[in-house]
Amino acid sequence: MNDLSRAELLDHELAEAMDKLVIVKSAIYTSGECDPRDPPPRQDTAGRLHLMGHDPRLPKMPAKPTLFDFFNYRFGPAAHMLQSARLALKNGCSEKVILACLVHDCSAAGFIRADHGYWAAQLIAPYVDAEVAFAVRYHQVLRFYPDEAFGYKYPESYVRLFGPDYRPEPYLDRAHAYCRSHKWYETARLLTVNDLYSFDPNLQVELEEFTDIVGRNFRQPEEGLGFDDSPSAHMWRTINWPTRYL
Ligand SMILES: [Fe+2]
Ligand SMILES: [Fe+2]
């Protein structure tokens, strides 16, 4: 079978699977585009079952998915995280900082953007040193606050993105004050220093460069991420199966 007919067959199988399924989006996926208080759009559900597993429109994940599987199958372009991790490596940072750089934006890349540092920290917390989760949680906060001692300036990209008059919310001011006086402040700050403002489209960094660092610093569960009953397993499952009805 050539590539074209294989693609056609897959298209056909997908169309058939879609005909049999009702796929409903969670309110959080559409809130804003729709008023979440409105009833969901009506779908023709006659003779169809509500999706309770893998979404046929997505690549199937292995039964016991690893962190790298999530990078390969569920996260959006990861060049920014990979290049940040490479920079931290080049700058002689600790493995904790390098790992933090590698995963710091995983929530924005595959889960939820708003408060992405908090979500990402929760996702990884059961599998990494508490200092790594702390850095990931607070990088989002610290990005808004310059620190000359580390050569960290307010990002020009933020002026472009949010306008010159944007001021962080009071909860971010409080989180910044808390983080600054914390013993792990430096780890979180180093993450923002290596969190590239803009990425180089010509620099190719492979995930495999970090296999050893991940192996030593990320406790990959034997059952696979999502299936180990950890406090964040349900979040990994939702990334794996984002459209399950329940
Ligand atoms: Fe970030
Ligand atoms: Fe980032």
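Reader: Before we go on, what kind of model is it, and what goes into the values?
Author: This is a predicted model, where local features need pLDDT of at least 70 and side-chain atom pairs count only at pLDDT 80 or more, while totals for chains, interfaces and linings use all residues. Residues are numbered from 1 along each chain as its sequence is written, chains are lettered from A and ligands numbered from 1 in the order in which they are written, and side-chain values use heavy atoms, with hydrogens and water left out.

Reader: Back to α4 and α5, what's the angle where they cross?
Author: Roughly 165°, with the axes of α4 (residues 79-90) and α5 coming within 7 Å. Axes are lines fitted to C-alpha atoms, for helices over the stretch in contact, and angles run from 0 to 180 degrees between N-to-C directions. α4 and α5 are therefore roughly antiparallel (over 145 degrees; under 35 is roughly parallel, 65 to 115 roughly perpendicular, and the rest oblique).

Reader: Which residues in α4 and α5 meet?
Author: From α4 there are Met81, Leu82, Ser84, Ala85, Ala88 and Leu89, and they meet Val97, Ile98, Cys101, Leu102 and Val103 of α5. Contact means heavy atoms within 4.5 Å. By class that contact has 10 nonpolar residues, 1 polar and no charged. Ala, Val, Leu, Ile, Met, Phe, Trp, Tyr, Cys and Pro count as nonpolar, Asp, Glu, Lys and Arg as charged, and the others, Gly among them, as polar.

Reader: And how do α5 and α8 cross, left-handed or right-handed?
Author: The crossing of α5 and α8 is right-handed. Lys96, Leu99, Ala100 and Val103 of α5 make the contact with Glu131, Val132, Ala135 and Val136 of α8. Those residues divide into 6 nonpolar, no polar and 2 charged.

Reader: What angle for α5 and α8?
Author: Their axes cross at roughly 45° and come within 9 Å, so α5 and α8 are oblique to each other.

Reader: Switching to metals. What coordinates ligand 2?
Author: The iron ion (ligand 2) has His80 (NE2), His104 (NE2), Asp105 (OD) and Asp195 (OD) at 2.1 to 2.2 Å. Donors are N, O and S atoms within 2.8 Å of the metal (3.2 Å for Na, K and Ca), and water is not among the atoms, so sites may look incomplete.

Reader: Why irregular for the arrangement around ligand 2?
Author: The 4 donor atoms around the iron ion (ligand 2) subtend angles of 82 to 167°, which makes the arrangement irregular. Four donors count as tetrahedral if all angles lie between 85 and 135 degrees; four count as square planar and six as octahedral if opposite donors are over 155 degrees apart and all others between 65 and 115; anything else is irregular.

Reader: Which protein donors does ligand 1 have?
Author: Asp105 (OD), His116 (NE2) and His139 (NE2) lie 2.1 to 2.2 Å from the iron ion (ligand 1). Along the sequence these donor residues are spaced D-x10-H-x22-H.

Reader: And what bridges the two iron ions?
Author: Aspartate 105 bridges the iron ion (ligand 1) and the iron ion (ligand 2), which lie 3.6 Å apart.

Key. Helix = DSSP H or I, 4+ residues; strand = E, 2+ residues; numbered from the N terminus. Left-handed = near helix turned anticlockwise from the far one by under 90°.
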